[in-house]
Amino acid sequence: MAAPKVAVVGAGVVGLSTALCIMETCPSCSVTILSEQFSPNTTSDVAAGMLIPHTYPDTPIHVQKQWFRETFTYLFAISNSAEASEAGIHLVSGWQVFKNTPKEELPFWSDVVLGFRPMSKAELQKFPQHQSGQAFTTLKCDCPPYLLWLEKRLKATGVQMYTRKVADLWELHNKYDIIVNCAGIGAHQLVGDKKLFPIRGQVLKVHAPWVKNFIRDGDGLTYIYPGIHRITLGGTREKDNWSLSPDPGTTKDIFDRCCSLEPSLQGAQDIQVKVGLRPSRQCVRLQREVLSQGGVKLLVVHNYGHGAGGFSVHRGTAKEAACLVGECIAALQGSSSGAKL
């Protein structure tokens, strides 16, 4: 059989990472990425890129932990390499603070991040509104540089990239053997997934180089995440809101909430407002599917619906999706050898 042709639809962090994992596990493949938008115009470009997992209610915890561990291990290795700066990946320490005692004393990811421990009384004095907290060190991806780094890696392995809106997976069946759907919120229309919904996130990117530690309110709504060049202040979680227009009232609210956690942010400069639609569902859709139409079969692998936690698990889910592509290739080779008999 000729080298299998794989099309990956979507060029956010999940699409690019999935394409890279496919090339690593199936180097004989020909992989093409098709996307209406590439960086800097993807939802991933708006994300803060902090590795602090969000829980998917319908995914077993041990699976989520495996995805997170694989992602953390992969990015940690990059952060310790000469490529760390170009890839925009660095370690950042800080605090998650709570006004009320959290339901779980130890989150499932506490032994994956570094140095997880309860905050000391001295540390808590910085947060008079909060009664407890957790201190740890995790990884932060500055998203646009990381996406460009992934694109560079992909081009080096021969992956083709085209700007194209795919309206129906069937339009690809003549040219490709396997379609990998990493369309994010676009899957709502592309495959008619009614379980997928947007959670609108508005964030501010500001210049405040003196802020070195992350601070996250325990409810996850208010956060301060220092990047290499800018700090991300957030945020919002507006379910089923499709608007990509920044809301000035929301901007003021985010800024005020973040200043109450870190008063020195009053001096922040060059405030930019960004909006993204997190592709959310009760669980990530990570599965093989065989579509058929008039006796023609189309092999599809889905990897989308990561919501607010995409960066925390992107490498883990990409590896699993690449394994599913491997299964599709084995099935194709089996059917082609069967046809010769």
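Reader: Arg278: buried or exposed?

Author: Quick ground rules: this is a predicted model, so local features need pLDDT of at least 70 and side-chain atom pairs count only at pLDDT 80 or more, while totals for chains, interfaces and linings use all residues. Residues are numbered from 1 along each chain as its sequence is written, and side-chain values use heavy atoms, with hydrogens and water left out. Buried means under 20% relative accessible area, exposed over 50%, and partly exposed in between, with a 1.4 Å probe and protein chains only. Arg278 has a relative accessible area of 14%, so the call is buried.

Reader: Which strand is Arg278 in?

Author: Strands are DSSP runs of E with at least two residues, helices are runs of H or I with at least four, and both are numbered from the N terminus. By that count, Arg278 sits in β13.

Reader: Which residues does UniProt list for "binding site"?

Author: UniProt positions are given in the numbering used here, feature names are shortened, and annotations may be inferred rather than shown by experiment. The entry is an unreviewed one, and under "binding site" it gives Tyr223 and Arg278.

Reader: What is the relative accessibility of Tyr223?

Author: Tyr223 lies in strand β10. Leaving aside neighbours within four places in sequence, Tyr223 is in contact (heavy atoms within 4.5 Å) with residues including Val203, Ile215, Cys258 and Arg278. Tyr223 counts as buried because its relative accessibility is 9%.

Reader: Which side chain does Asp217 join in a polar contact?

Author: Asp217 is in strand β9 and is buried, at 10% relative accessibility. A polar contact is a pair of N or O atoms within 3.5 Å; within protein, one must be able to donate a hydrogen and the other to accept it, and residues adjacent in sequence count only if both atoms are side-chain atoms. Not counting residues up to four places away in sequence, Asp217 touches Val97, Lys99, His130, Thr222 and Leu261. The polar contact, at 3.0 Å, joins the side chain of Asp217 to that of His130.

Reader: How far apart are the end C-alpha atoms of α8?

Author: The expected span of a helix is 1.5 Å times one less than its number of residues. With 14 residues, α8 should span 20 Å, and the model agrees: the end C-alpha atoms are apart by 20 Å.

Reader: At the start of α8, which residue's backbone nitrogen does a side-chain oxygen of Asp247 reach?

Author: Here a side chain reaches a backbone atom. The oxygen of Asp247 comes to within 3.2 Å of the backbone nitrogen of Gly249.

Reader: What covers the buried residues of α8?

Author: The buried residues of α8 include Ile254, Phe255, Cys258 and Leu261. Among the elements covering them are β3, β8, β9, β10, β11 and β13.

Reader: Lys252 and Asp256 meet in a salt bridge; what is the N to O distance?

Author: A salt bridge is a side-chain nitrogen of Lys or Arg within 4 Å of a carboxyl oxygen of Asp or Glu. Lys252 and Asp256 are four residues apart in helix α8, so about one helical turn separates them. Lys252 is exposed at 54% relative accessibility, whereas Asp256 is partly exposed at 37%. Their N to O distance is 2.6 Å.

Reader: How many salt bridges does the structure hold?

Author: Another one pairs Glu123 with Arg117 at 2.9 Å, N to O. Glu123 is buried at 17% relative accessibility, while Arg117 is partly exposed at 37%. The total for the structure is 18.

Reader: Which cysteine has the closest sulfur to that of Cys29?

Author: A disulfide is a covalent bond between the sulfur atoms of two cysteines. The cut-off here is a pair of cysteine sulfur atoms within 2.5 Å, and the structure holds zero disulfides. For Cys29, the closest cysteine sulfur is 4.6 Å away, too far for a bond, and it belongs to Cys26.
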